[in-house]
Amino acid sequence: MLTKTIGTSKKKIITKFCALTLLIVLCFAMPFNASAAQTTTSIYTKKTLTHNSRFDNSDIVNGIDISSWQGDVDFKKVKKTDTKIIILRVGVRGWASEGPLKKDERFDEYIKDALSNGFEVGVYFYSQAKTEAEAKEEAKFVLKHIKGYKFSLPVYFDYEFAGTQKGRLEKAWKDGSLNRTKMTKNAIAFCETIENAGYRAGIYACRSFLNSNLDRTQFEEKYPVWVAEYNPKTSYAGEYQIWQYAGGDPDGSNGSGKVSGISGYVDSNYIYYDKLTPLLSKGFDIEDIKKQEYTGEPVSPAFKVYYGKKELVKGEDYYVSLEDNVKIGSARVTVTGINKFKDYNKCTKTFSIVPPEITDVKLEERKTNSLEVSWDKSDCAKKYYVQVHRKDGWVKVGTTSETNIEIPDLNSASNYRIRVRAYKKVDDVNYYGIYSDEFETATKPAKPTELKTISVTPTSFTLKWKKQSNASYYEVYQYNYSDKKYELFKTVNGGKNNYLNVDSLAENKKYTFRVKAYKKSKDGKLLKSAKSDKFYAYTSLRAPKISSAKSGASKRISVNWKKVSGASGYQVMWSTTSNFSSNYKSVYVSGKSLSTVLTTAQSNKTYYVKVRAFKTRNNKKLYSPWSSKLSVKTK
């Protein structure tokens, strides 16, 4: 430019100098924000997007939101991308007229995996609420299913039309039962319910919905906003901290994004992290407040308040206000900062006031397979919840409005622990009191049954009965025919030891027994069953003696034995094996006979013969031991 001005007139030089000076002045007078807006290329859609100038120099983070529509998700692969944040769907309200609530079938799986892989996590609920009551119902549904999970981002109220004229929101908007004011109140009702439970709440909607169906001035300063607009640049003028710029439609429309670890398309988001996090952290954290017992007086629970990891001091850093803290139900505590914390957001936490602990649980009636217990009446609750401890832990017995209950289907001679708590329903929510002290007692042992004898000999037998594993011991009583009464014969320790060896008896004699079971209960009682029905036990006859075994004709064996007094008959057995394990036969002979002739299958063969006596009692044969065996070779 200077080389062209040499040799020109002074006027031209001055003119050009003034023009240059004016240009310089205009340049310095121009605002700096007139520079080009910030742009980024999406890692999900590969498209370039332009951010609102308010986010110049912001910390922009990539994030996705997913639901069960995404199917199997490999969170480890997703983690290897530049994805930092995942927002998960907790559930939905159906868009049909009934509007049922349904949990996302993969929510628990997703949130566990997302948290374990180090993502920052938020959640959302797809709403179709037509009233504040429905919005609160949705919030309570969410609170039920996120309980126990620790995540850092808000619980978002996803408010949108279903996209069909049959949708419940579409119909309500069309007939005028829903308007902008009511829908705004619904959104706020959801968020307040969430925040009253100690979580941070936010609102999600598309740009047109935020502009036309909600009054953003009523909530954008209080709750984080997540706006959806599928354009290269959002024109939404309100406050927002997350921009969803592409949808996750299955057909890939709306500029849908893709990410490693998910086979289908995903909703794609930019999170203006430095704008969002102050809304989350600029506040207090109240520790969970335990259930408080109803006293009839205002309840002031003890709790700690933190800012970050710093424990704050009541009266120096904050003051506390309480609401609904006199009656059974949900109460609320609000912490408001003072002094250096005066500009910080208030924090609210709900806690439960519940019926007082039940006292004096005691036994009313004890049976073999059931227990009846009672307890002191609660003055402030009309229903009671009862549990019994079984092998698998505490299980519900039932609920009752009475102050007693029978616990059925129990094992005999078994110790059980029982506990009771009162409860009261308030606004369709049951508020359960603290359990009573555990009451421990035992069922009665059952009357012993199925008595029988085994291993019977002429001088002994084993008396056996049905086992009661939980019994402490048994007592066996024998009838004294002289004194005409039952006397304790023996004590058998241990419920599994359900037998008694009885010996030194007379042969072929009847004995009468009864058995009683005992249980040492942990409440100090010694419990006993009824005596079993009387049982007749018999010793057997003595073994007969074989006088001879001879073969006087082909395939014939003559056997003779000595009489056994009292025998109803005899059984004679012969076999070609000495241990009678195979090739054997037997024949029964009347008790009046002391001999028989056996017909064998082979001649010129050695056979073995033995005899035993039997006594018929109650149409059953009671056998003596076998005689010694004799061998004989047939002709």
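## A loop residue: Thr368

Thr368 sits in the loop between β19 (362-366) and β20 (371-374); helices (H or I, at least four residues) and strands (E, at least two) are DSSP runs, numbered from the N terminus. This is a predicted model, in which local features need pLDDT of at least 70 and side-chain atom pairs count only at pLDDT 80 or more, while totals for chains, interfaces and linings use all residues. Residues are numbered from 1 along each chain as its sequence is written, and side-chain values use heavy atoms, with hydrogens and water left out.

With a relative accessibility of 24%, Thr368 counts as partly exposed. Here buried means under 20% relative accessible area, exposed means over 50%, and partly exposed is in between (1.4 Å probe, protein chains only). Leaving aside neighbours within four places in sequence, Thr368 is in contact with Leu410, Asn411, Ser412, Thr443, Lys444, Pro445 and Ala446, where contact means heavy atoms within 4.5 Å. Leu410 is 42 residues from Thr368 in sequence, and the two C-alpha atoms are 7.8 Å apart.

## The chain overall

The protein chain has 8 helices and 42 strands. Its radius of gyration is 45 Å, well over the 26 Å that the globule rule gives for 635 residues, so the chain is more spread out than a compact globule. The radius is taken over C-alpha atoms, and the globule rule is 2.2 Å times the number of residues to the power 0.38. Along its principal axes the C-alpha trace spans about 170 × 70 × 50 Å.

Of the 635 residues, 44% count as buried. Among contacts in the chain with a separation of 6 or more, 62% are between residues 24 or more positions apart.

## The second largest pocket

The second largest pocket holds about 920 Å³ of space. Pockets are found on a 1 Å grid over the protein atoms alone: a cavity is a set of points where a 1.4 Å probe fits but cannot get out, and a pocket is an open set with protein on both sides within 12 Å along at least five of seven lines. Grid points are joined across faces, edges and corners, and a volume is the space filled by probe spheres set on the points.

The lining consists of 36 residues, and Trp69, Arg89, Tyr126, Asp158 and Glu160 lie nearest the centre of this pocket; a lining residue has an atom within 4 Å of a point. By type, the lining divides into 17 nonpolar, 9 polar and 10 charged residues. Ala, Val, Leu, Ile, Met, Phe, Trp, Tyr, Cys and Pro count as nonpolar, Asp, Glu, Lys and Arg as charged, and the others, Gly among them, as polar. Elements that each supply at least two lining residues include β4 (83-93), β6 (120-127), β7 (155-159) and α7 (207-212). The most comes from β8, with 3 residues.

## Helix α5

In helix α5 (residues 168-175), Arg168, Leu169, Glu170 and Ala172 are buried. The buried residues of this helix pack against β4, β6, α4 (132-146), β7 and α6 (180-196). Gly176 follows α5 and has a positive phi, near 90°.

Thr50 is in strand β2 (residues 48-50) and is partly exposed, at 23% relative accessibility. Not counting residues up to four places away in sequence, Thr50 touches Ala37, Gln38, Thr39, Pro232, Lys233 and Trp243. Thr40 is 10 residues from Thr50 in sequence, at a C-alpha to C-alpha distance of 6.7 Å.

Ser548 belongs to strand β35 (residues 546-553). At 18% relative accessibility, Ser548 counts as buried. Beyond residues up to four places away in sequence, Ser548 touches Ser558, Val559, Asn560 and Leu630.

Most residues other than glycine have a negative phi. Glu450, in the loop between β26 (439-442) and β27 (452-454), has a positive phi of about 60°. Glu450 is exposed, with a relative accessible area of 56%.

Asn604 also has a positive phi, near 50°. Asn604 lies in the loop between β39 (595-599) and β40 (606-617) and is exposed, at 54% relative accessible area.

## Cysteines

The structure holds 0 disulfides, a disulfide being a pair of cysteine sulfur atoms within 2.5 Å. For Cys347, the nearest cysteine sulfur is that of Cys191, 15 Å away. Cys347 is buried at 12% relative accessibility, and Cys380 is buried with a relative accessible area of 17%.
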